[in-house]
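Me: Could you walk me through this structure by way of questions and answers?

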Amino acid sequence: MGSPNQAPLDAVEAIAKQTPLDPEAIEAITVRLPTNVIGIVDNGPMADVCCQHLVALYIVDGGL
């Protein structure tokens, strides 16, 4: 895993350090990325580059 997923995961980590994240309490998450990279990580077929999968995994497992 690397760029462009690094920024969203850093943001989730920063939020988690301030407030514990309860997966059951999260209804939705919005991640905004530059349009020139979104095609690489948006619902990608490989889990290790799929932004949605990595953010959800981080929240459920408490890290990667």
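**Contacts, fold and pocket**

Reply: Counting as contacts those pairs with heavy atoms within 4.5 Å, residues 24 or more positions apart make up 54% of the contacts in the protein with a separation of 6 or more. This is a predicted model, in which local features need pLDDT of at least 70 and side-chain atom pairs pLDDT 80 or more, while totals for chains, interfaces and linings use all residues. Residues are numbered from 1 along each chain as its sequence is written, and side-chain values use heavy atoms, with hydrogens and water left out.

Me: In what order do the elements of the protein run from the N terminus on?

Reply: Helices are DSSP runs of H or I with at least four residues, and strands are runs of E with at least two. The protein has three helices and zero strands. From the N terminus on, the order is therefore α-α-α.

Me: Which residues are the closest to the centre of the largest pocket?

Reply: The largest pocket holds about 190 Å³ of space, a pocket being an open set of points on a 1 Å grid, where a 1.4 Å probe fits, with protein on both sides within 12 Å along at least five of seven lines. Its lining, meaning residues with an atom within 4 Å of a point, has 13 residues. The closest to the centre are I26, I29, V55, A56 and I59.

Key. Grid points are joined across faces, edges and corners, and a volume is the space filled by probe spheres set on the points.
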